[in-house]
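Biologist: I have not looked at this structure before. Please take me through it by question and answer.

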Amino acid sequence: MKSLYDITPMIPVVFIYIWIVNIYEPIRPGIYWWLVLLVLISVIAIQGMGHLFALLTNGQFTILTITNIGVFLFLVILSNFFNPIGRMHYVYQLISNLSICRFLNEATILLQYGFGRCGPKEIQATLYVMMLHHDDHFYHCLQMLLFNLLFYRVLSLAVLIVKSNPMENRRQRAEKIRKYQEHMRPLNSIIPGLTISDQQFCIKKIQI
């Protein structure tokens, strides 16, 4: 419920923001709705990442702020913006699959400059530098954004469940159950008016 409460005010903000920055609608009719879809998925995924870091840092503001800024900058570096992912080390290429910024950036660039915008003998320099040679990569980006959304959401939910239900060994659980049973054991003392009597009462009817 908290996630839905946090997401609800983001939806109109995303619609208004895309409407303001969308300058490609005359060239790409219908690009507005694709951008809205991509940004909404990315926002929800980043929210799940934020919940995960908040749980791991126990909500400590300083540590949480430093962690969020550091991780975000690292993911931005792996966003295929400063350096093409295909030219990086294989370890960075693997980690970049968890970068929401990468797939949002690549999908947005493909929407703007791909899908036949250039002629048959023309090369789009932006796509060439980013090593985005096929338009089908856009759908791969969309799938990876959905994967990251589920990954961070499920991971944050798992951490929440673990922190809410700490693991205890059987001896500790058995000891708690034994103490609880001893606490609930009935008293041996007889309290007048509060005990159940086994005596039988006989009522005699006297006729006059």
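Biologist: About how many helical turns separate R102 and E106 in helix α6?

Modeller: This is a predicted model, and what follows is computed from it. R102 and E106 both lie in helix α6, 4 residues apart. Their separation is therefore about one helical turn.

Biologist: In what do the side chains of R102 and E106 meet?

Modeller: The distance from N to O between the two side chains is 3.2 Å. A salt bridge needs a side-chain nitrogen of Lys or Arg within 4 Å of a carboxyl oxygen of Asp or Glu.

Biologist: How many salt bridges does a search of the whole structure find?

Modeller: The search covers the whole structure. The number found is 1.

Biologist: Is R102 buried or exposed?

Modeller: The word buried applies under 20% relative accessible area. E106 is in that class, and R102 is too. For R102 the answer is buried.

Biologist: How are helices α3 and α6 oriented to each other?

Modeller: Helix α3 covers residues 31–56 and helix α6 covers residues 100–113. Their axes come within 10 Å and cross at roughly 175 degrees. Angles over 145 degrees count as roughly antiparallel. The two helices, α3 and α6, are therefore roughly antiparallel.

Biologist: How many charged residues does the contact of α3 with α6 have?

Modeller: On the α3 side the contact includes W34, L38 and M49, and on the α6 side it includes L104, T108 and L111. By class there are 12 nonpolar and 3 polar residues in this contact. The count of charged residues is none.

Biologist: Which residues is I95 in contact with, leaving aside its neighbours within four places in sequence?

Modeller: I95 is found in helix α5, residues 90–95, and is partly exposed at a relative accessible area of 30%. L78 is 17 residues from I95 in sequence, with 8.1 Å between their C-alpha atoms. With those sequence neighbours left aside, the contacts of I95 are F74 and L78.

Biologist: How many helices and strands are there in the protein?

Modeller: Read along the sequence, the pattern is α-α-α-α-α-α-α-α-α. That corresponds to 9 helices and 0 strands.

Biologist: What percentage of the residues in the protein is buried?

Modeller: The accessible surface comes to about 15,700 Å², and 67% of that surface belongs to carbon and sulfur atoms. The protein has 208 residues. Of these residues, the buried share is 29%.

Notes
Residues are numbered from 1 along each chain as its sequence is written. This is a predicted model: local features need pLDDT of at least 70, side-chain atom pairs count only at pLDDT 80 or more; totals for chains, interfaces and linings use all residues. Side-chain values use heavy atoms; hydrogens and water are left out. Axes are lines fitted to C-alpha atoms, for helices over the stretch in contact, and angles run from 0 to 180 degrees between N-to-C directions. Angles under 35 degrees count as roughly parallel, over 145 as roughly antiparallel, 65 to 115 as roughly perpendicular and the rest as oblique. Contact means heavy atoms within 4.5 Å. Ala, Val, Leu, Ile, Met, Phe, Trp, Tyr, Cys and Pro count as nonpolar, Asp, Glu, Lys and Arg as charged, and the others, Gly among them, as polar. Buried means under 20% relative accessible area, exposed over 50%, partly exposed in between (1.4 Å probe, protein chains only). Accessible areas come from the Shrake-Rupley method with a 1.4 Å probe; for residues, only the protein chains shown count as cover.
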